[in-house]
Amino acid sequence: MTALMTVLGIVVFAIGLLISIAWHELGHLSTAKLFGIRVPQYMVGFGPTIFSRKKGETEYGIKAIPLGGYIRMIGMFPPGDDGRVKARSTSPWRGMIEDARSAAFEELRPGDETRMFYTRAPWKRVVVMFAGPFMNLVLAVALFLGVLMGFGINSQTTTVSTVSDCVISQAAANNGKTTCAAGDPASPAKLAGLKAGDTITAFDGHPIKDWATLQKDIRETTGPATITVRRDGRTLDLHASLIENQVAKSDGHGGTVAGQYVRAGFLGFTPAPGIIRQSFSDSVSRMGDMVVTATKSLVDLPQRIPDLWNAAFNGAPRKADSPMGVIGAARVGGDVFSLHIPPEQRVATMLMLVAGFNLSLFLFNMLPLLPLDGGHIAGALWEALKRHLARVFRRPDPGPFDVAKMMPVAYVVAGLFLSFTVLVLIADVVNPVKIA
């Protein structure tokens with residue numbers, strides 16, 4: 001049964017991946033057609049074509065390798081200085097430029113002279129290239145909000161799980177101290193009579209609805225405090241005297257920051273976990289934190305290469321936050337469906353995985369490097385700036401920015417990305433990230 005659920009999880013993630021890719025390319029396609037650019041092909045995947053159908057002037061299809069997708073637009077690059085596609089040069093760098101220019105004109109038909117991508121105003125080209133990543137961002141936000149507000153996430157609650165017998169600093173607890181020694185003072189919660197199963201409903205007269213609020217109130221308090229709890233259907237007021245202690249730094253959402261400590265008010269109990277639906281404002285705040293974390297992870301990618309190499313070839317442990325490729329993410333999807341948790345939580349976790357994938361697609365594609373969408377956006381913005389400066393200083397129009405001249409750089413960037421992808425793929429196969 002576990003093997004069957006694992007396979008089902010992989011299949012579900014693969015479907016989510018294909019939908020995400022198709023959704024991305026739909027953004028490019030719809031805006032290109034809106035601005036009158038001819039689009040001969042809309043394809044999901046690479047390699048041999050499995051299925052295709054032509055509708056109007058565009059061929060729509062699915063290819064065998066679901067690792068990406070593309071639309072092909074007429075005239076991605078402008079012609080050469082003489083207005084024609086130049087003959088192949090013997091220079092390898094010049095050859096790359098001319099090959100790219102030739103490919104951009106290979107399907108040119110009569111009447112396409114005014115329907116080429118490069119002839120559109122820079123702002124229109126920015127819209128076309130931004131629309132793909134933006135669709136991924138829209139899907140990520142919709143999935144995140146749907147899960148956080150609809151399903152909820154595993155969070156700390158205001159119900160007491162255990163009560164500490166004595167006062168132990170967080171650093172001492174992390175170093176293995178779990179039992180009280182003679183002379184250790186009793187915890188304020190123990191002295192106040194707090195018990196496992198109590199649900200805290202108010203702190204010093206202020207109603208408590210979530211753990212983040214309770215955590216904040218406790219940490220900001222030293223000295224006497226009244227704690228209102230619900231126990232066995234009854235409401236009780238307990239009186240505690242909170243003390244200052246070393247505790248883990250709060251992340252602002254009820255969680256803690258690993259390895260960082262602060263001095264704050266201390267009561268002395270462990271909250272019970274539970275599935276809690278988030279409010280809209282809390283969901284937006286959490287999404288903001290996810291964007292910051294994902295952006296930092298993208299910036300830190302070069303620093304992670306040694307760890308990936310060691311995990312792939314030297315048997316080193318694979319870190320939980322290690323970069324994953326499509327294969328690794330699919331394996332995690334399989335693991336999610338094999339977890340012994342309620343079905344709705346499996347679905348929620350899978351949706352969060354697909355949402356995170358879409359957020360990563362957005363951020364990655366916005367890098368201002370060819371052949372990524374962000375590289376084309378940067379080229380169009382540079383052209384707009386040059387034309388604006390030419391008008392201001394009454395100089396001749398510099399014409400369209402020749403993205404083809406950047407193709408040698410694009411090939412180098414693509415080679416680096418391909419090498420990194422292969423390294424991640426090997427690590428995902430021989431030493432995958434595991435969630436349990």
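**Figure 1. Salt bridges in the predicted model.** Ten salt bridges are found in a search of the whole structure (a side-chain nitrogen of Lys or Arg within 4 Å of a carboxyl oxygen of Asp or Glu). The model is predicted, so local features need pLDDT of at least 70 and side-chain atom pairs count only at pLDDT 80 or more, while totals for chains, interfaces and linings use all residues. Residues are numbered from 1 along each chain as its sequence is written, and side-chain values use heavy atoms, with hydrogens and water left out.

**Figure 2. Salt bridge between Arg 231 and Asp 198.** The closest N and O atoms lie 2.7 Å apart. Arg 231 belongs to strand β6 (residues 223–231), and Asp 198 to the loop between α5 (188–192) and β4 (199–203), so the pair, 33 residues apart, links distant parts of the chain. Helices (H or I, at least four residues) and strands (E, at least two) are DSSP runs, numbered from the N terminus. Both residues are buried (under 20% relative accessible area; exposed is over 50%, partly exposed in between; 1.4 Å probe, protein chains only).

**Figure 3. Salt bridge between Lys 216 and Glu 220.** The N to O distance is 3.0 Å. Lys 216 is partly exposed at 48% relative accessible area, and Glu 220 is exposed at 56%.

**Figure 4. Salt bridge between Arg 318 and Asp 428.** The closest N and O atoms are 3.0 Å apart. Arg 318 sits in the loop between α8 (301–313) and α9 (326–337), and Asp 428 in helix α12 (residues 407–430); the pair links distant parts of the chain, 110 residues apart. Arg 318 is buried at 13% relative accessible area, as is Asp 428 at 1%.

**Figure 5. A network of salt bridges.** Arg 125, Glu 383, Arg 387 and Asp 397 are linked in this network.
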